[in-house]
Amino acid sequence: MSTEDRAATQAASEILRESVDELMATFERQRAEMAAVEQRLASTTVTAWSSDNLVRVDANTAGVPVDVHLTPEAFKRSTPEKLGRSILEAVQNAARQATEVSQQAWAPIAALADDVPDLPDIAPGMPSIKSVVDSLFPDPVTTPAPAEPMNAEDEDEYFRNRGYLGGGK
């Protein structure tokens, strides 16, 4: 091997070593930031209300309800079916909020990841870190149309005839 070839190989090796060192430093920063985000999200909750303000749901950032609160009026102003829809609506609203909070918390790390080559770019056959990050945020659930509130006449009839005991409207 000639001196020129050796010098070219050493220069290429040095460039590769610097690239790998920079990549490792970026991965270490991401790892530290990911740990901080995970810790912050573990202690974060979101609160959502149903559109009729009868149900409040507190959920963790995974969208899992940790508390469900029904207002005292919930049993006076609603039917079991409508109350069920209100609970579902509040749970879904909380899940959406949780997804948004999580996405916002992870956004800086995702932005850092865009500037760095993915593992398959460096070592073919390796799993893609970017696809793992993308899979962290599935589409939020869809909400059915909010239940229409009972008018005063239907509400009076429902409670006067004790419709809530028979499960009727």
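The predicted model of the protein contains 7 helices and 3 strands, where helices (H or I, at least four residues) and strands (E, at least two) are DSSP runs numbered from the N terminus. From the N terminus on, the order of elements is α-β-β-β-α-α-α-α-α-α. Residues are numbered from 1 along each chain as its sequence is written, and side-chain values use heavy atoms, with hydrogens and water left out. Because the model is predicted, local features need pLDDT of at least 70 and side-chain atom pairs count only at pLDDT 80 or more, whereas totals for chains, interfaces and linings use all residues.

Of the 169 residues in the protein, 25% are buried; buried means under 20% relative accessible area, exposed over 50%, and partly exposed in between (1.4 Å probe, protein chains only). Contact is defined as heavy atoms within 4.5 Å. Among contacts between residues at least 6 apart in sequence, 60% join residues at least 24 apart.

Helix 1 spans residues 3–42 and has 40 residues. The distance from its first C-alpha to its last is 58 Å, close to the 58 Å expected at 1.5 Å a residue; the expected span is 1.5 Å times one less than the number of residues. Buried positions in helix 1 are L23, T26, Q30, V37 and L41.

The 3 strands form an open sheet in the order 1-2-3, with antiparallel pairing; two strands pair if DSSP finds at least two bridges between them. Strand 1 and strand 3 (65–70) stand at the edges and each has a single partner strand, so one side of each is left without a neighbour in the sheet. Neighbouring strands are turned by 15° against each other on average, direction ignored; the axes are lines fitted to C-alpha atoms, for helices over the stretch in contact, and angles run from 0 to 180 degrees between N-to-C directions.

Strand 1 and strand 2 run antiparallel and are joined by 5 bridges. In this pairing, W49 has R56 of strand 2 as its bridge partner, and A48 stands opposite V57. The two strands form a hairpin with 5 residues between them, and N53 in the turn has a positive phi of about 60°. Strand 2 and strand 3 are likewise antiparallel and joined by 5 bridges. Here V57 has V68 of strand 3 as its bridge partner, while R56 stands opposite H69. The hairpin of strand 2 and strand 3 has 4 residues between the strands, and G63 takes a positive phi near 90°.

In a regular strand the side chains alternate between the two faces of the sheet. In strand 1, V46 and A48 make up the covered face, and T45, T47 and W49 the uncovered one. D58 lies in strand 2 and counts as buried because its relative accessibility is 14%. Not counting residues up to four places away in sequence, D58 touches V46, T47, V64, P65, V66 and D67. D58 and A48 are 10 residues apart in sequence and 6.6 Å apart in space, C-alpha to C-alpha.

The largest nonpolar core has 11 residues: V46, A48, L54, V55, V57, A59, A74, L83, A90, A94 and A98. A nonpolar core is a set of buried Ala, Val, Leu, Ile, Met, Phe, Trp, Tyr and Cys residues joined through side-chain atoms within 4.5 Å. Strand 1 (45–49), strand 2 (55–60) and helix 3 (80–114) are the elements that give two or more residues to this core, and helix 3 gives the most, with 4 residues. Apart from this core lies another, of 5 residues, among them V37, L41, A105 and I109.

S78 is placed in the loop between helix 2 (74–77) and helix 3. At 7% relative accessibility, S78 counts as buried. The side chain of S78 reaches the backbone nitrogen of L83 at 3.2 Å.

Note on methods:
A polar contact is a pair of N or O atoms within 3.5 Å; within protein, one must be able to donate a hydrogen and the other to accept it, and residues adjacent in sequence count only if both atoms are side-chain atoms.
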